[in-house]
2 protein chains.
Amino acid sequence: MRRMTARPANAHQARLLKLLRDGGPNSRAQLGDQIDLSRSKLAVEVDRLLETGLAVADGLAASRGGRRSHNIRLNPELRFLGVDIGATSVDVAVTNAELEILGHLNQPMDVREGPVAVFEQVLSMAAKLRATGLAEGFDGAGIGVPGPVRFPEGVPVAPPIMPGWDGFPVREALSQELGCPVMVDNDVNLMAMGERHAGVARSVGDFLCVKIGTGIGCGIVAGGDVHRGVTGSAGDIGHIQAVPEGRPCACGNRGCLEAHFSGAALARDAVEAAEQGLSEELAARLAANGTLTAVDVAAAAAAGDATALALIREGGNRVGQVIAALVSFFNPGLVVIGGGVTGLGHTLLAAIRTQVYRQSLPLATGNLPIVLGELGPTAGVIGAARLISDHLFSPA
Amino acid sequence: MRRMTARPANAHQARLLKLLRDGGPNSRAQLGDQIDLSRSKLAVEVDRLLETGLAVADGLAASRGGRRSHNIRLNPELRFLGVDIGATSVDVAVTNAELEILGHLNQPMDVREGPVAVFEQVLSMAAKLRATGLAEGFDGAGIGVPGPVRFPEGVPVAPPIMPGWDGFPVREALSQELGCPVMVDNDVNLMAMGERHAGVARSVGDFLCVKIGTGIGCGIVAGGDVHRGVTGSAGDIGHIQAVPEGRPCACGNRGCLEAHFSGAALARDAVEAAEQGLSEELAARLAANGTLTAVDVAAAAAAGDATALALIREGGNRVGQVIAALVSFFNPGLVVIGGGVTGLGHTLLAAIRTQVYRQSLPLATGNLPIVLGELGPTAGVIGAARLISDHLFSPA
DNA sequence: CCCTCTTTGTCCTGTGAGTGGGAAAAGTTG
DNA sequence: CAACTTTTCCCACTCACAGGACAAAGAGGG
């Protein structure tokens, strides 16, 4: 099949495509209810979408008391690729035009191997997904990278944890390789977009999405749009000082949040506790695997291990303290916690909530839910698909 | 003269009005260069503005090499009222449609006296300005209050420092009294809008405006728009914890930024230092006036008093630490420092800069000016006038 | 099964916004 | 005074869109 090359010709068509994407198949009449257009104009625009192949007819809709309407849906053969490059692993997924995940692969991998090696991996994963018959090609791809991105150009800038990526033309290179349009963004921003599209943040216009993985970052959504800042580094909260004169951090300062709590810091603390004999549970796991991760700490905590619980609580307090400051500043309507350490679950959440509710003013916290992300590892790839579909479903 | 009641009938007219407001008198041809409309259409819309009296003809423009053009300007009889209610004083100013200040009054006053007493004062100041012949009436008024505001309704909500104002229908009451449209916002947001309209932040789309007066607040401008948060309390950074287990604050917590550095805290510290005999300069001023304010500290510092300088530096460090966190989070293109304590000048600025440049990542601080506000006490009233003019110069 | 009512889809025309060209008016420059 | 510019006014033409008329298709009642 030839890939779709059409783009909406005007704002109406773009609007219709987004309605179909977010609301699934719809009858012409239902579309008419949601959009402010005369029936004649609507019919013309829908016909154009059918002509260009962006949408297709899909049988008859149920009757609403009169003549039955024809259903319209986005072309079911459209395929988006969502790529979420984390610090230690890559997620690649294929979605249809409604951003439903049709296939999803995850592989451990170190970003520090550099863009060339990583993209080789990504492309082979994409090829594997294609080989299963899920897709014959891709109409667009969204890529998330764990660092700041100059958004318009799709180029990482000065990424602390991924040297070698600085200035690498990710967007252009992948667009060339995949033969389709590509958009690049920070992985945390994509997670926020994912949760907003299909997760807990559906229909919330102002919220924060804190991702605690190997590092810590924060997606900022203001007025429905992602705020990226002037250099694309907005949300980079890992190096906010959480502890005056605290631990040294890789960035050269002391007391950075990331140095005190993150997947990496937690693992280090756990190993230390195990070696000092503070926790049998952790020691046993260390002996078994030779190493510890956040998952081990979560398991130990679930088993009631006091040391593990204390580690989580202390970390939660640190993060909560920073989030409390951000809540006072930003006054969001929701805070979503996501990333690798969400396995720590309720213990972590409780510690964070305690800090935030205690330290921020009642007006800001009064009706502020602080919840775990709903989509887990798929948030990033869904957000990536959403990014490119937003781009492609806008007037050219 | 009857007040203008016309409003722009469409987006083109609104656009033209804003061009005339921000760019001053302009010829039709110059307007044509700035707006994407055919000459014929432009002529029609300009004529309508002239008909409704929103704009007037204003002589001939200089020739650009051919026939001379007629100048168009906003009706010079339009008057906006800008009101900036601070914790301890009120500013009231009259502007023309181009937001130039024609008259400005300032009076000490305590907000805690409640809305009725304050508005009596404001109305009498407005009447005084009117009596000078500057205005025969007002076409709109913008009001800034020192606390969170539910923006669409123009009602203060749960303002910590102004009990008695909670839920008071400021917008409606003043609209009734003044007989013109009124908009209400947080005073810090208005300061940000003022600096953006006519001060250092001209043409900066993403910046923070930190106002250090009796308390501390922060105006947030993202993508050219003020971010107010879901409950209108965004930017309320005075109660972010700056010192773990620090001084008790009126809010019930400990270590709030505001408890450690603000006009009020600085005055308290200065008195304490004077009484302990740490500073002759401050002691002399205390003896002379019976009290000390930020102005005294500034004067003492200017005279080289070591204690005063130390107080300023320490305060600057505290604020700088918080701003550093906000810079990491928000990634602004500019930070403006304003409010009553700007008299502390370079010493304060240097302390803040040091902290921010040290604690935030280079990508965020690389090209980040941190400067004093340019407009001083007029920022608030200009912002207020801007607020109402933005409202009135939008399609109805 | 027939009749009426409702909903959906199509066609057609009127309207108003907006564009673009040309001519007249009003300048400047040499 | 002639040649050239710029502004302004006027007019015809295009285009998007609304809204009504009408046909098609189905539901439901007698």
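In this predicted model, B:Trp165 is tucked away from solvent: its relative accessible area is 0%, under the 20% cut-off, so the residue counts as buried. B:Phe119 comes out at 6%, which also makes it buried. The rings of these two residues have centres 5.4 Å apart and planes at 75 degrees; since that angle is over 60, the pair is edge-to-face. As for where the partners come from, B:Phe119 belongs to helix 4 (residues 115–131) of chain B, while B:Trp165 sits in the loop between strand 9 (155–156) and helix 5 (170–178). The contact therefore ties together parts of chain B that are 46 residues apart in sequence.

Counting over all chains gives nine aromatic pairs. Another of them joins B:Phe80 and B:Phe393, with ring centres 6.2 Å apart and planes at 65 degrees, so this pair is edge-to-face too. Here the link is between distant parts of the chain, 313 residues apart: B:Phe80 is in strand 4 (residues 80–85) of chain B, and B:Phe393 is in the segment after helix 14 (378–392). Both of these phenylalanines are buried.

In chain A, A:Arg228 lies over the face of A:Phe151, at 3.5 Å from the ring centre. In chain B, the charged end of B:Arg228 sits over the ring of B:Phe151, again 3.5 Å from its centre.

Definitions and conventions: Residues are numbered from 1 along each chain as its sequence is written. Chains are lettered from A and ligands numbered from 1 in the order in which they are written. This is a predicted model: local features need pLDDT of at least 70, side-chain atom pairs count only at pLDDT 80 or more; totals for chains, interfaces and linings use all residues. Side-chain values use heavy atoms; hydrogens and water are left out. Rings of Phe, Tyr and Trp (its six-membered ring) pair if their centres lie within 6.5 Å; planes under 30 degrees apart count as stacked, over 60 as edge-to-face and the rest as tilted. Helices (H or I, at least four residues) and strands (E, at least two) are DSSP runs, numbered from the N terminus. Buried means under 20% relative accessible area, exposed over 50%, partly exposed in between (1.4 Å probe, protein chains only). A charge sits over a ring if NZ of Lys or CZ of Arg is within 6 Å of the ring centre and within 35 degrees of the ring normal.
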